[in-house]
Each structure stands twice: as structure tokens, then as C-alpha cells.
Amino acid sequence: MEGMNVLVILIMGLWAGGAYAYNRPPPRETLFIPHSHSDSWPQQVHISVVGQDQMRISWITETPTPAKVQYAASPDADGPLATGTTSSYRYFLYKSGQIHDVVMGPLKPNTLYYYRLGDSPQQYNFTTPPSRFPIKFAVVGDLGQTEWTKTTLQHIANSNYDMLLLPGDLSYADYIQSRWDSFGRLVEPLASQRPWMVTQGNHEVEKIPVVHRKPFTAYNARWRMPFEQSGSDSNLYYSFDAAGVHVIMLGSYTDFDSGSPQYKWLVGDLKKVDRAKTPWLVVLLHAPWFNSNAAHRGEPESYQMKAAMEDLLYEARVDVVFAGHVHAYERFTRVYKDKANSCGPVHITIGDGGNREGLATKFLDPKPEISIFREASFGHGILEVVNATHALWTWHRNDDDEAVPSDSFWLTSLSIEPACEVH
């Protein structure tokens, strides 16, 4: 295994040719979480919402076990039994464990459920999101698996959130597939209890010329999202409703031009949005469209996607766009076409979850007028949608292992702004 890892790293080092042109300070120690149970024991458990009243449970075992989940609202009850599918994948010389995928429901909103996986005696629990306001989202990008990541996860766990949104760059496996396994074990304590809704970043591509030409192999196999329910043909872009919020997950690293399936899907999805039912419209993508950091400037995944899709989001009156990629925090005012615009989305870069590459500390000087707050620190954000009209955003800096509120502001939904009537 070690020899294979070295070989892959050598191949990618020759191919990448030094992709990063700026210096990052070293982060804390990189973690690797080993499997500490029997081969039949469930590991890497995580959940995600499917439609209005269902939940997907995904987990891995090293040996074949039944893809079944028994669940109930009481820890002592024998509730319904849901069954699903099992799959695996190969990547170069690596073969994954048995990836189990079960959708269960119908479930009641804002309810604690207990569940068991396969034939394991281990009992887990999760809480379904509320169907009405208020709802609290934890938002974090470029998470990785370092000591900083561990701190970030501890802070998020203490926030009493309902759902986590992650705009790409999950494990930083970077072709070493055992790191995907480690990441799954690292986040399981949180991801098995609240739904994690994710989209992909550049570190999920994992395409190697000649050796492994297919992109997103591990990501699509391990982190299946509810794309079919929103009419999407790809796990790389999809949408869903949570309480009164319509969330759109876009793919920065798949085709996005005006003739692409993603673009056509987005046009159709936005047309279906009913702001009377979902007064809030939130978008996540990986490569930021606005960025005053010295890192990741001039990348086509940013400026070309912005050129293709910015008008769509503006005309739909999207309230906020979350991005990652740049390893720092930055909040912009409502903006459109590089200028402040009261009917444009607020753009927030939150690529500061704790990745092993460190922080992007160099910002452009002077600061652009549209950039309201920026700081190169690890942390996470909380979007608390209080009601149909107002939401509170707070960014928490990881400061000496404490979650320090560092940037906070109230948003008003564009759905109620008379001057911002949806086109």
C-alpha cells in the first residue's frame, strides 16, 4: 500500500507541475483515523436528506453484510426495516470496502430516530431537520483532516445545527484512497447524526492521465446526493428544500457553459422555485466568483462559470452564494457584475475548514469596496434562518481552540424586497 501511495504521488507530482503559485503557512498535524473494529462493523456512517421526508444512510464494511437499516423513534422499539444497495469501486490498485446505501422513510420532521445498520448491534441516532422555520445550517468548506479540522468539527458539534452544507473539497485524499476511509471515520460522529449535504471541489476530481481517466470515482461512490429528486442527471449538481430554503449545489469542475446539461438543469430548477414556499434561495459551489485573495486568481472554474451563470442567479434573486477553494474567509456585499447591487447575492468564501495545505494569507491591497470582511483563519459559519424574511450569518474563527464569533450580519430575503422582483 505504501509503495502504491508513493507511485501515485510521483505520477501526480509530474503531471501537476506545481499547481500552487503562492506560499501557505503549515497547518497542524495531518490525521489518519484507522479502522478499529471487526471487518463486518459499520464505519464511515453518514446521512443525507432525500426529498421531503426521507433520509439516506451510507456506510462501509470491509466484508459483505446486508444493506439494511432498522429504525424507530424509540431506542427500545423494533421499527420499520429499510433495504438498499451495495457497491464498491476500484481506483488504480485500490479496491474499496462494501459501500451500503439505504433510503428510509417517511420520517417526521424535527424528530430523533434510532437506527441499526446491517446485522450490527451498534445503535446510532439522528435528528431530522425541521419542516418550518427556524432552521440552522453549519457551513464549512475545504475541510480536510488535520488537527485544525478536528477543532472545527468540535465547534460545529457544539452549535446545535440542523444540517451541514459543504461547498467542496472534503477529504483531501488526493488520489490516496485510504485517506477517503480515514475522512469517513473522522466525520462519522457528526455525519451520522445530522444530514451532510455536499458538492465537489477540485480535490474530488482525482483523474490521472492513462492510469485512471474517470473523474470523481471515489466522491460519487462514497457521497451520493439526492440528484435524481431534483431532475439532475449527475451527482455533481442538484437541489433540495429544507424548511423554507431552496438549496442549489453546483459543480465547478464539470461542464457549466450555456450548452451544458448543468446549465440547462439550473435554468429548469430556478423556474420551479416558488418563493412563497421557499422564500430563501441559497447556492453552493466550490471555486468563488469573487475573490480578493492572492490565491486561486484567474482560474476558469471561477471566471468562466461566473460569466455563464451569474445572470441566472441574479435574475432569480439568489440570496447568498457560498464558495470554498480559497483557504480563508471573505464576505462580499450584495454584488452583480463586480459592483455592489442591492438585488444581487451576498457572496461568502468559507474555504477555511482545516485542510492540510494551510491558509491563504495574502490579500490584495487595497481591499475592493465590495469586500466587507476578510481574514485568513480557520473556522466555520452558521446560517440561522429565523423566519421567511430574516437570517443571521455568523463566522466563527478557530482561535486557540475556541469558536470565536468574528463576523456577523443579518440578511433580509430578496423575496420580500419590492425593488427586487423576480424576473
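Biologist: Why is Cys 343 called buried?

Modeller: Buried means under 20% relative accessible area, with exposed over 50% and partly exposed in between, using a 1.4 Å probe and protein chains only. Cys 343 has a relative accessible area of 6%, so it counts as buried. This is a predicted model, in which local features need pLDDT of at least 70 and side-chain atom pairs count only at pLDDT 80 or more, while totals for chains, interfaces and linings use all residues. Residues are numbered from 1 along each chain as its sequence is written, and side-chain values use heavy atoms, with hydrogens and water left out.

Biologist: What makes Cys 343 and Cys 420 a disulfide?

Modeller: Their sulfur atoms are 2.0 Å apart, and a disulfide is a pair of cysteine sulfur atoms within 2.5 Å, so the pair qualifies. The count by this rule is one disulfide. With -85° about the S-S bond, the link is left-handed.

Biologist: Why is this said to link distant parts of the chain?

Modeller: The two cysteines are 77 residues apart. Cys 343 lies in the loop between strand 19 (339-340) and strand 20 (346-350), and Cys 420 in the segment after strand 24 (402-412). Strands here are DSSP runs of E, at least two residues, and helices are runs of H or I, at least four, numbered from the N terminus.

Biologist: Why is Cys 420 called buried?

Modeller: Its relative accessibility is 3%, so it counts as buried. Both Cys 343 and Cys 420 belong to a separate core of five residues, which also includes Tyr 336 and Leu 414. A nonpolar core is a set of buried Ala, Val, Leu, Ile, Met, Phe, Trp, Tyr and Cys residues joined through side-chain atoms within 4.5 Å.

Biologist: Which residues touch the most other members in the largest nonpolar core?

Modeller: Trp 196 and Trp 393 do, in a core of 109 residues. Helix 3 supplies the largest share of this core, six residues.

Biologist: What makes strand 1 and strand 5 edge strands?

Modeller: The open sheet has four strands in the order 1-2-8-5, with antiparallel pairing. Two strands pair if DSSP finds at least two bridges between them. Strand 1 (43-50) and strand 5 (85-87) each have a single partner strand, so one side of each is left without a neighbour in the sheet. Strand 5 and strand 8 (residues 98-104) pair over three bridges; Thr 86 has His 100 as its bridge partner in strand 8.

Biologist: How do you know that helix 3 packs on the sheet?

Modeller: Helix 3 (residues 178-191) touches strand 1 and strand 2 (54-61), contact meaning heavy atoms within 4.5 Å. The direction of helix 3 makes about 60° with that of strand 1. Axes are lines fitted to C-alpha atoms, for helices over the stretch in contact, and angles run from 0 to 180 degrees between N-to-C directions.

Biologist: Why is Ser 371 called buried?

Modeller: Its relative accessibility is 1%, so Ser 371 counts as buried. Ser 371 is in strand 21 (residues 371-375).

Biologist: What makes a polar contact with the side chain of Ser 371?

Modeller: The side chain of Glu 330 does, at 2.6 Å. A polar contact is a pair of N or O atoms within 3.5 Å; within protein, one must be able to donate a hydrogen and the other to accept it, and residues adjacent in sequence count only if both atoms are side-chain atoms. The pair at 2.6 Å is listed as such a contact.
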